[in-house]
Amino acid sequence: MTSSSESSRLAGLHAVVTGANRGIGAVIAAALAADGVRVSLLGRDARTLERVAQELGDSRALALTTDVTDSTSVRSAFAAARERFGPIQILINNAGQAASAKFTETDEALWNRLIAVNLNGTYLCSRQAVPDMLQAGFGRIVNMASIAGLRGAPYISAYVSSKHAVIGLTRSLALEYAARNITVNAVCPGYVDTDMVKNAIANIVSKTGRSESEALAALVSGNPQRRLIEPREVADTVMWLCRPGSESVTGQSIALAGGEVT
Ligand code: NAD
């Protein structure tokens, strides 16, 4: 367990969280804010992003409508974030999209969309944040990968490829900055209880005619704990990677999957 004096050492730092308007990203943003971190919330949907910012409080959070696949949008969001809260010490690359299709139906549009959000978005945001971290001599980057970054799976080849690539980027940056007090890690959840999984269940129902509970049972059948993971569990791991005490953890891909990947 981390003591409160350790966690309060994050107070006053500035974090950027992408895809912060809902799901895992919103819970991570709230956990950081609860530790006194000032949080810039990046995401595509202005209305839901504003709502999260209001819940966290004006002095703690700033909503910045951003498409992480667009370098101009990312650059201006980071400039606005810096202007409000100063240099960035923590980056949570959480924005992501998933889609399933047979490989023969994985057209270029689907392939490019998933690579653009999951991989290029992580690259573009990291390019913005790393110079601040180098200057400060401190940085924490956590990339939201997936167990799909650790092993292959049928019908999600684009998603799997993008998440494997995120892990490759994580490992490389970890080594490049190991001696600069910047840690770079990936968190790899199994199925988490968010809209992404709700959409996956709806997709299974419409494609197979199964009921919602049968679709859910199929999704969690690979998890030896037979349950969805809570967003809070993912946020707790992210917080551990940001707080004092995990300095020597870098370049790791940490599975949160009830033993589904061992
Ligand atoms: P979600 O769909 O609820 O949230 C994804 C977030 O990313 C949303 O806020 C969305 O607006 C944002 N986003 C998507 N494209 C974007 C873009 N181009 N620019 C900016 N923001 C964009 O899903 P979630 O479950 O909270 O997923 C968060 C992350 O966790 C994703 O990277 C996902 O791949 C990963 N993940 C999720 C699960 C799961 O089962 N839910 C499992 C493993 C990994």
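**View 1. D35 sits in the loop between α2 and β2 (38–43).** Helices are DSSP runs of H or I with at least four residues, strands are DSSP runs of E with at least two, and both are numbered from the N terminus. This is a predicted model: local features need pLDDT of at least 70, side-chain atom pairs count only at pLDDT 80 or more, and totals for chains, interfaces and linings use all residues. Residues are numbered from 1 along each chain as its sequence is written, and side-chain values use heavy atoms, with hydrogens and water left out. D35 counts as buried, at 12% relative accessibility. Buried means under 20% relative accessible area, exposed means over 50%, and partly exposed lies in between (1.4 Å probe, protein chains only). The side chains of D35 and R243 are joined by a polar contact of 2.9 Å. A polar contact is a pair of N or O atoms within 3.5 Å; within protein, one must be able to donate a hydrogen and the other to accept it, and residues adjacent in sequence count only if both atoms are side-chain atoms.

**View 2. T48 belongs to helix α3 (residues 46–56).** The residue T48 is buried, with a relative accessible area of 12%. Its side chain makes a polar contact of 3.1 Å with the side chain of N21. N21 is also among the closest residues to the ligand.

**View 3. The ligand is surrounded by 28 residues.** A residue is near a molecule if one of its heavy atoms lies within 4 Å of it. The closest are N21, R22, Y159, V192 and T194. By class, the shell has 12 nonpolar, 11 polar and 5 charged residues. Ala, Val, Leu, Ile, Met, Phe, Trp, Tyr, Cys and Pro count as nonpolar; Asp, Glu, Lys and Arg count as charged; the others, Gly among them, count as polar. Three helices, α2 (23–34), α6 (157–176) and α7 (195–208), each supply at least two residues of this shell. Helix α7 gives the most, with 3 residues. Domain 1 (4–190 + 230–248) and domain 2 (191–228) each contribute at least three residues to the shell. These domain bounds come from an automatic or database domain assignment.

View 4. A polar side-chain atom of Y159 lies 2.7 Å from an oxygen atom of the ligand. A backbone N or O atom of I24 lies 2.9 Å from another ligand atom type listed as oxygen. For V68, a backbone N or O atom lies 3.0 Å from a nitrogen atom of the ligand. Taken alone, the ligand exposes 830 Å², and the protein buries 97% of that. Accessible areas come from the Shrake-Rupley method with a 1.4 Å probe; for residues, only the protein chains shown count as cover.

**View 5. Strand β4 (residues 90–93) has buried residues pointing both ways.** I90 and I92 point one way, while L91 and N93 point the other way. All of them are buried. Strand β1 (residues 14–18) runs parallel to β4, and 3 bridges join the two. Here V17 has I92 as its bridge partner in β4. Strand β5 (residues 139–144) also runs parallel to β4, with 4 bridges between them. In that pairing, L91 has I141 as its bridge partner in β5. Two strands pair if DSSP finds at least two bridges between them.

**View 6. Y155 lies in the loop between β5 and α6.** Its phi is near 70°, a positive value in a residue other than glycine. Y155 is exposed, with a relative accessible area of 54%.

**View 7. R226 is in the loop between α8 (212–220) and α9 (231–242).** R226 is not a glycine, yet it has a positive phi of about 55°. The residue R226 is exposed, with a relative accessible area of 54%.

**View 8. E260 and V261 are in the segment after β7 (253–256).** E260 counts as buried, at 16% relative accessibility. V261 is partly exposed, with a relative accessible area of 24%. The C-alpha atoms of E260 and I147 are separated by 8.3 Å, although the two residues are 113 apart along the chain. For V261 and R151, 110 residues apart along the chain, the C-alpha separation is 8.4 Å.
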